[in-house]
Number of protein chains: 2
Amino acid sequence: MSLTFEGVLADRSTWRLENCSIGKSMEVIGTRSSMLILREAFYGTTRFDDFARRTKLTDAIVAARLKELTDIGLFVRRPYQEPGRRSRYEYLLTEKGRDLVPAVFALMQWGNKHLQGDDGGPLRLVERGTGEPVVIGPRTVSGRDLELEDLAIVAHGDWAG
Amino acid sequence: MSLTFEGVLADRSTWRLENCSIGKSMEVIGTRSSMLILREAFYGTTRFDDFARRTKLTDAIVAARLKELTDIGLFVRRPYQEPGRRSRYEYLLTEKGRDLVPAVFALMQWGNKHLQGDDGGPLRLVERGTGEPVVIGPRTVSGRDLELEDLAIVAHGDWAG
DNA sequence: GTTCTGACTATCGAATCGTGAAGTTAGGAG
DNA sequence: CTCCTAACTTCACGATTCGATAGTCAGAAC
């Protein structure tokens with residue numbers, strides 16, 4: 001019914017979780033507005049007013065969130081200039097930001113399946129070119145798909161394989 | 001630099017996102033406490049006080065969150081009885097709850113890489129038995145790993161492949 | 001019947017999140 | 001020099017989140 005613990009973690013009653021990465025991540029990006037802004041960034045949006053219009057968040061929230069996400073290092077703020085226009089800033093995803101693709105689209109995948117009607121929501125994620133459906137989930141580095149029961153947690157440096 | 005839109009979505013300026021699954025998901029489970037409780041559930045926790053102790057959330061929050069998540073259908077509340085003890089309730093993950101495995105562990109994966117020190121945090125996700133490292137990310141149903149640039153969005157019923 | 005314990009509920013306060021509306025600022029267009 | 005616009009900032013407000021602390025309640029143990 002759940003995953004297993006290996007090595008020193010095997011007895012769940014003997015340890016508690018400090019420095020949990022899930023909790024830390026949620027403190028950093030655990031708001032609806034952050035996720036919507038990231039969604040737009042993955043969709044190619046780079047400019048302030050496009051973020052605001054497309055997410056339907058208010059200016060104030062978008063400004064606060066972009067500043068926050070930039071400070072954290074998910075975006076870089078870079079000046080740009082269209083010909084005959086004044087210079088502006090655009091917000092470009094860093095690698096740290098792009099590494100959130102699995103997290104954000106996993107939420108989309110779950111929402112499509114469980115929060116939308118029978119049609120599964122308005123949008124589908126597919127492979128570019130082939131149109132083959134895309135799924136997000138755990139797998140080994142050698143490519144095998146895994147279920148919850150196939151997973152195990154090990155402590156750093158504690159290899160029980 | 002980002003994913004592409006196919007079919008009727010190709011011109012990003014002509015449409016806006018209604019009923020976004022990401023937004024809906026975040027409204028339902030977008031709190032730190034929800035994620036921590038789900039983490040514990042994936043780790044095998046089923047009882048109220050274990051949730052409270054292991055997540056270090058207060059009783060009040062855990063009670064509120066468990067009720068919420070049960071109402072939504074991520075948990076079922078089932079009576080159980082240990083021999084010589086009074087009957088209690090336990091909280092068991094439904095399929096809807098287990099389908100959040102990619103979302104929750106994607107956050108863990110990201111936090112391990114970007115929010116922890118050089119050691120990458122205390123815990124690692126591996127395959128049970130083999131100990132092979134596990135990664136969470138997008139791939140085609142035929143098993144190819146994908147980058148952000150390999151992804152495309154299509155409207156439901158609009159197959160442009 | 002008293003005690004103990006697991007599973008909650010109640011109240012308070014601080015911080016954060018979000019909306020709406022209005023104001024500011026820099027710089028090219030005319 | 002004035003207008004316009006993108007990119008913000010500020011303010012007022014309500015809702016939600018979470019921690020801390022304390023209290024309740026049911027039922028087996030004794």
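How far does a polar side-chain atom of B:Ser33 lie from a phosphate oxygen of DNA strand D? The distance is 2.6 Å.

1. Basis. This is a predicted model, in which local features need pLDDT of at least 70 and side-chain atom pairs count only at pLDDT 80 or more, while totals for chains, interfaces and linings use all residues. Residues are numbered from 1 along each chain as its sequence is written, chains are lettered from A and ligands numbered from 1 in the order in which they are written, and side-chain values use heavy atoms, without hydrogens and water.

2. Phosphate contacts. Besides B:Ser33, chain A supplies A:Asp49, with a polar side-chain atom 2.8 Å from a phosphate oxygen of DNA strand D, and A:Lys67, where the corresponding value is 3.0 Å. A polar contact here is a pair of N or O atoms within 3.5 Å.

3. Surface near DNA strand D (near: a heavy atom within 4 Å). The residues divide into seven nonpolar, five polar and ten charged. H4(A) gives the most, with four residues; helices (H or I, at least four residues) and strands (E, at least two) are DSSP runs, numbered from the N terminus. Of the DNA atoms within 4 Å of the protein, 69% belong to sugar or phosphate and the rest to bases.

4. Three strands form an open sheet in the order S1(A)-S6(A)-S4(B), with mixed pairing. Strand S1 (4-5) of chain A and strand S4 (123-127) of chain B are at the edges, each with a single partner strand, so one side of each lacks a neighbour in the sheet. Pairing requires at least two DSSP bridges between two strands; S6 (residues 151-155) of chain A and S4(B) have five, in the antiparallel sense. A:Ala152 stands opposite B:Val126.

Methods: Polar contact = N/O pair within 3.5 Å; in protein donor to acceptor, adjacent residues only side chain to side chain. Nonpolar A, V, L, I, M, F, W, Y, C, P; charged D, E, K, R; others polar.
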